Amino acid sequence: MTLFFLTFFSLYSLLHLYLLFKARSAFSLPWRHVAFIIPFLVLMVLSPAIIRLLEKNGLDGPARFLSYIGYTWMGLLLLFCSISLPLDILRFLADRSKLFGSSLISPYIQFMISSSLSIVIAFYGFFEAKDIRIERHTIRTPKVSERIRIVQVSDVHIGLIIRAERVKKIADLVKKENPDIVVSTGDLVDGQINSLKGIDDILSEIRPRYGKFAITGNHEFYAGLDQAIEFTERSGFRVLRGEVITLPSINIAGVDDPAGKAYGNYIYVSERDLLSSLPRERFTILLKHRPVVARDSIGLFDLELSGHTHKGQIFPFSILTWLYYPVHAGSMNVTDNSYLYVSRGTGTWGPPIRFLSPPEITVIDIMPGSSQ
């Protein structure tokens with residue numbers, strides 16, 4: 001975990017240095033003027049750590065205020081760099097090839113293009129992050145005798161930014177679908193949640209016929225596992241940690257996210273052992289936060305439901321999640337009769353922005369019939 005934070009802050013610092021040099025080049029700023037910008041940039045680099053410290057010390061108001069500034073800035077910076085870096089490469093190639101004589105665009109124009117587009121995309125992305133889509137899918141199987149409707153939420157990240165208003169919207173959309181089963185595939189919470197009064201009551205009003213089930217994501221461990229599980233259970237979910245629940249026609253298995261290994265409270269259960277003991281005449285659902293299909297579990301489940309990726313949350317970072325995970329959003333046939341579905345997530349992590357990756361609530365109807 002220490003290595004992760006060192007890597008994150010090192011890369012984040014480099015992005016700020018890149019912005020600083022681009023601004024100095026664009027406006028021909030002398031270093032004595034640049035010195036006035038540096039304290040703000042240092043504050044932004046350290047803001048994720050400061051926010052966590054404020055949370056842990058019960059200073060919820062200042063933490064929330066800084067989270068909106070710091071994480072919105074993070075989104076703007078990531079967008080700026082993802083636009084400006086390709087322009088740098090284009091200018092470099094143009095200069096070397098001499099095809100266009102001098103540089104295609106001046107440093108000033110490049111800076112203004114990158115910053116303007118970043119602001120426009122971030123503004124749009126702020127509203128896209130609030131536009132929760134309903135994604136509908138149907139699976140036919142001879143293992144059920146009636147329709148069973150499963151509603152999946154994932155990566156809600158309840159915390160400083162995702163609050164009661166957003167959770168109520170999610171709960172209302174879920175209830176409107178009249179589900180038989182509701183599942184949360186990890187990262188329901190984010191950070192300290194001690195002060196979030198009443199949100200568990202909103203979620204507990206969702207009462208599907210066969211119940212609600214959840215698993216841990218990496219952020220449950222980051223937030224503090226005990227308080228995260230307590231909140232999840234108060235919200236009416238049964239947390240499955242290497243466990244199985246058997247319902248009429250349905251088995252639901254859930255496993256811990258491996259992030260828990262670094263915290264010493266990870267419950268390891270072999271997926272193969274967990275799933276192979278289940279009656280195969282029932283439709284088996286595996287809840288697993290990260291969208292990775294274990295080789296030795298292939299053929300032992302009918303549907304794996306995952307999340308974690310957010311589909312990158314802000315394009316072009318979806319390219320990175322697509323390169324890292326075989327499926328970073330949507331569905332995939334694992335075998336002829338088993339499927340993986342990866343949610344884009346229902347909330348946001350970090351920047352309250354999504355771009356080309358709208359949040360979703362997934363509705364999956366398990367219908368009687370021949371497998372497709």
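**Surface patch, sheets and salt bridges**

Mentor: Let us begin at the surface, where Phe 27, Tyr 108, Ile 109, Met 112, Ile 113 and Leu 117 form a nonpolar patch with about 500 Å² of accessible area together. Please keep in mind throughout that this is a predicted model.

Trainee: Which helix gives the most to that nonpolar patch?

Mentor: That is helix H5, residues 107-128, which contributes 5 residues to the patch. Tyr 108 has its place in this helix, and with a relative accessible area of 41% the residue is partly exposed.

Trainee: Ok, on to the strands. What is the order in the sheet that holds S1?

Mentor: The order is S1-S12-S2-S3-S4-S5, in an open sheet of 6 strands with mixed pairing. Strand S1 (133-141) and strand S5 (237-239) stand at the edges, and because each has a single partner strand, one side of each is left without a neighbour in the sheet. On average, and with direction ignored, neighbouring strands of this sheet are turned by 25° against each other.

Trainee: And S2 with S3, parallel or antiparallel?

Mentor: Strand S2 (residues 148-153) and strand S3 (residues 181-184) pair in the parallel sense, over 4 bridges. Within that pairing, Val 151 stands opposite Val 182 in S3.

Trainee: Which strands does helix H9 lie across?

Mentor: Helix H9 (residues 225-234) lies across strand S4 (212-214) and S5, and the helix runs at about 145° to S5.

Trainee: What about the sheet with S6, what's its order?

Mentor: That one is an open sheet of 6 strands too, in the order S6-S7-S8-S9-S11-S10 and with mixed pairing. Its edges are strand S6 (243-247) and strand S10 (330-335), each with a single partner strand, so one side of each has no neighbour in the sheet.

Trainee: How many bridges pair S8 and S9?

Mentor: Strand S8 (residues 283-287) and strand S9 (residues 303-306) pair over 3 bridges, in the parallel sense. Leu 287 has Leu 305 in S9 as its bridge partner.

Trainee: Changing topic, where is the cis peptide bond?

Mentor: A cis peptide bond joins Phe 315 and Pro 316, with omega at about 15°. Pro 316 is found in the loop between S9 and helix H11 (317-324).

Trainee: And what is the phi of Asn 178?

Mentor: Asn 178 has a positive phi of about 50°, although it is not a glycine. The residue sits in the loop between helix H6 (164-176) and S3, and at 55% relative accessibility Asn 178 counts as exposed. Leu 356 also deserves a look, with a positive phi near 60° in a residue other than glycine. Its place is in the loop between strand S11 (338-342) and strand S12 (360-368), and at 45% relative accessibility Leu 356 counts as partly exposed.

Trainee: How many salt bridges are there in the whole structure?

Mentor: A search of the whole structure finds 21 salt bridges. In one of them the side chains of Asp 190 and Arg 52 meet, at 3.3 Å from N to O. Asp 190 lies in the loop between S3 and helix H7 (199-204) and Arg 52 in helix H3 (residues 38-56), so the pair ties together parts that are 138 residues apart in sequence.

Trainee: Is Asp 190 buried or exposed?

Mentor: Asp 190 is buried, with a relative accessible area of 12%, whereas Arg 52 counts as partly exposed at 26%.

Trainee: What does Arg 136 form a salt bridge with?

Mentor: Its partner is Glu 177, and the closest N and O atoms are 2.8 Å apart. Arg 136 lies in strand S1 and Glu 177 in the loop between H6 and S3, so this pair ties together parts that are 41 residues apart in sequence. Glu 177 is buried, with a relative accessible area of 8%. There is also a network of salt bridges, in which Arg 136, Arg 149, Glu 177 and Asp 365 are linked.

Trainee: Last one: which helices hold Arg 234 and Asp 200?

Mentor: The side chains of Arg 234 and Asp 200 meet in a salt bridge at 2.6 Å, N to O. Arg 234 lies in helix H9 and Asp 200 in helix H7, so the pair ties together parts that are 34 residues apart in sequence. Arg 234 is partly exposed, with a relative accessible area of 40%, while Asp 200 counts as buried at 9%.

Terms used. Residues are numbered from 1 along each chain as its sequence is written. This is a predicted model: local features need pLDDT of at least 70, side-chain atom pairs count only at pLDDT 80 or more; totals for chains, interfaces and linings use all residues. Side-chain values use heavy atoms; hydrogens and water are left out. Two strands pair if DSSP finds at least two bridges between them. Helices (H or I, at least four residues) and strands (E, at least two) are DSSP runs, numbered from the N terminus. Patches are made of residues with over 30% relative accessible area and no salt bridge: like charges are joined within 9 Å, nonpolar side chains (Val, Leu, Ile, Met, Phe, Trp, Tyr) within 5 Å. Accessible areas come from the Shrake-Rupley method with a 1.4 Å probe; for residues, only the protein chains shown count as cover. A salt bridge is a side-chain nitrogen of Lys or Arg within 4 Å of a carboxyl oxygen of Asp or Glu. Buried means under 20% relative accessible area, exposed over 50%, partly exposed in between (1.4 Å probe, protein chains only). Axes are lines fitted to C-alpha atoms, for helices over the stretch in contact, and angles run from 0 to 180 degrees between N-to-C directions. Contact means heavy atoms within 4.5 Å.
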